[in-house]
Amino acid sequence: MVLETLYPGIVAGALARRYLLDMNIQAKTKLVAVVDDDELMRNAVQGLLRAAGFSSRVFASAEEFLSSGLQQATACLIADVRMPGMSGLELFAKLNEDNCGIPTIFITAHGGEKMRMEALREGAAEFLTKPFDKTVLLQHVRAALET
Amino acid sequence: MTAMIDRSLADYRAYVRGQISSLMETLTRVMFGDFTAVARTHEADDDFGNLCAMINVAINAARNAQDDLRRANDNLQRSEAYLAEAQRLSHTGTWAYNPAKHESVYWSAEMFRICGFDPQQGPPTGDAFLARVPAEDRERVHVVFYNAMQGKTEYEDEHRIILPDGTVKYVHSIGHPVLNRSGNVVEFVGSAVDVTERKRAEEEREKLQQLEADLARLNRVSTMGELAASVAHEIKQPITAASLDAGTCSEWLARSEPNIEEARQAASRIIQDVTRASEIIDRVRALYKKGELHRELLDVNDIIREMIGLLRSDAGRKSISIRTELADRLPQICADRVQLQQVFMNLALNAIDAIKDSNTPGTLTIKSQLDSGGALLVSVSDTGVGLPRDQMGKIFDAFFTTKTQGTGMGLSISRSIIESHDGRLWAADNPPRGASFYLTLPVHAPTHR
């Protein structure tokens with residue numbers, strides 16, 4: 001506290017360096033998986049994550065992600081809710097069943113408050129309705145990676 | 001008879017003496033008063049026997065003439081009966097008006113019936129007739145007739161009349177003047193047709209057309225309502241992507257050392273995003289369009305492909321695959337594009353609902369081909385729950401629905417649209433499961449493109 005009062009710049013600088021170091025570590029070690037059947041959305045989210053310094057992989061379906069073998073390496077999952085075949089919510093339930101719980105952020109164009117509350121009750125990290133602010137998504141990605 | 005013969009004999013003598021020139025005329029005048037039937041016979045000799053023979057001949061001639069007259073009268077009466085029957089059947093009354101006397105001189109029986117007057121009382125006065133015309137029409141009816149009479153011209157008018165029991169009738173009236181050699185109107189003759197039934201039918205038809213147009217619009221809106229969620233989802237995808245890509249682009253450019261390549265890639269993705277959004281809007285816009293029917297030469301396969309483009313995303317989400325078998329080189333049809341889109345969309349959405357209700361993945365198959373009669377045949381088949389077995393006959397009825405949130409108007413209006421294009425729309429089972437809807441449309445020209 002005293003140090004902070006006397007040398008705020010030094011402390012702030014140190015905290016900033018620590019933050020950047022953490023982010024660097026996260027970017028290098030923690031994978032963000034994006035599962036969305038819409039190619040434009042996949043590419044846009046991946047571009048955003050790359051600009052923010054996150055490492056990511058994209059998948060066109062839940063089944064594709066499950067068969068990739070990257071579940072354990074994935075630190076954060078961004079999934080569309082409605083997709084052909086297995087839905088995002090079904091994927092989330094399947095991962096939990098397999099004791100492979102991943103902090104998951106759902107993104108959907110169909111979201112109602114009821115669906116959002118159900119998803120959060122089931123343990124989802126966040127439930128975003130399209131269109132959403134990129135900074136909100138990044139905040140939740142960071143929060144998920146820190147857990 | 002004796003007196004008649006005596007008198008005839010006196011005439012005969014006068015004839016022989018040259019005092020009268022035509023014995024036949026005399027004889028017939030004597031026997032039948034003013035009757036002047038022309039009977040050609042032998043000139044008589046100067047003996048009494050010949051005179052009697054001549055009288056017999058004259059009597060026979062007169063009887064024949066009388067028979068002819070009776071037959072003519074019978075024919076006239078029969079003809080009048082036919083005319084009256086024709087007037088009754090065609091609801092046409094005839095009349096004649098004498099302008100000098102300011103009164104009707106003749107009304108046919110049907111004219112009395114149409115206007116509800118008692119034939120025993122004779123034709124009504126002009127004022128009595130006008131009293132049956134509604135007040136708001138009265139002056140016009142009077143002026144039209146008066147002008148025709150003054151101008152010695154034909155006239156034609158249609159107006160209402162109200163009978164004493166309150167019945168309202170529509171009358172189509174025509175008349176023309178009869179002129180004498182001086183050019184004066186001696187009579188005005190005309191006819192009046194009771195067009196009430198036709199008028200009512202026209203009003204009903206107009207109401208039905210309006211109702212059909214309203215229902216078609218309602219159905220279109222309803223269809224759009226069902227599509228709205230799908231369209232909203234479709235449009236949100238590229239908008240969200242564009243928003244994220246724009247943020248990413250800014251991020252790369254805002255750095256102390258901007259990464260131009262990454263920014264360019266993000267900008268390139270924005271172009272793709274907005275192009276997709278624009279395409280979605282273009283495809284949907286046609287369905288929203290409200291306006292008059294606009295028939296044009298169309299390729300039905302194009303319409304089917306456009307519809308599938310709109311439905312594929314929604315179908316995919318419901319684990320429904322869409323299969324097409326569209327024949328090449330089909331002749332064009334002359335049809336309203338928006339209405340056909342509406343029909344195909346209705347049939348396809350019904351199919352998707354039916355598959356969804358079966359709770360198993362399914363296939364929607366759309367085929368286009370020419371049938372054996374050379375008409376265009378399109379089928380929309382699904383592997384869904386199938387047609388309601390005990391209510392097959394009702395599925396095209398208005399307001400009949402098996403859906404919890406259906407309006408029951410989709411198939412009814414679809415059939416109405418196809419029939420207005422001189423086509424047919426019907427349904428059948430699609431073994432082993434599901435339903436098939438078939439529609440035919442006449443092709444525009446027999447030549448293939």
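Predicted model: local features only at pLDDT ≥ 70, side-chain atom pairs only at ≥ 80, totals over all residues.
Figure 1. B:Gly373 is found in a loop of chain B, between strand β9 (362–370) and strand β10 (376–382). Along the sequence, B:Gly373 and B:Pro442 are 69 residues apart, while in space their C-alpha atoms are 9.5 Å apart.

**Figure 2. Chain B as a whole.** Chain B has 449 residues, of which 26% are buried. Its secondary structure comes to 11 helices and 12 strands. Among contacts in chain B with a separation of 6 or more, 57% are between residues 24 or more positions apart.

**Figure 3. The open sheet of chain A.** Strands of a sheet pair through backbone hydrogen bonds, and the pairing can be parallel or antiparallel. In chain A, 5 strands form an open sheet with parallel pairing, and their order is β2-β1-β3-β4-β5. At the edges are β2 (55–59) and β5 (126–129) of chain A, each of which pairs on one side only. On average, neighbouring strands of this sheet are turned by 20 degrees against each other, direction ignored.

Figure 4. Strand β3 (residues 74–80) and strand β4 (residues 104–108) of chain A run parallel and are joined by 4 bridges. A:Asp80 has A:Ile107, in β4(A), as its bridge partner. Helix α3(A) packs on the sheet, where it touches β1 (31–35), β2 and β3 of chain A. The direction of α3(A) makes about 175 degrees with that of β2(A).

**Figure 5. The largest nonpolar core.** In soluble globular proteins, nonpolar side chains tend to be buried together. The largest nonpolar core here has 44 residues. The members that touch the most other members are A:Val32, A:Val35, A:Val45, A:Cys76, A:Ile78 and A:Val141. Helix α3 (residues 39–51) of chain A gives the largest share of this core, 7 residues.

How values were computed:
Residues numbered from 1 in each chain as written. Chains lettered and ligands numbered in written order. Core = buried A, V, L, I, M, F, W, Y, C linked by C-beta atoms within 7 Å. Buried ≥ 20, exposed ≤ 12 C-beta atoms within 10 Å, placed from the backbone. Helix = DSSP H or I, 4+ residues; strand = E, 2+ residues; numbered from the N terminus. Pairing = 2+ DSSP bridges. Axes fitted to C-alpha atoms, helices over the stretch in contact; angles between N-to-C directions. Contact = placed C-beta atoms within 7 Å.
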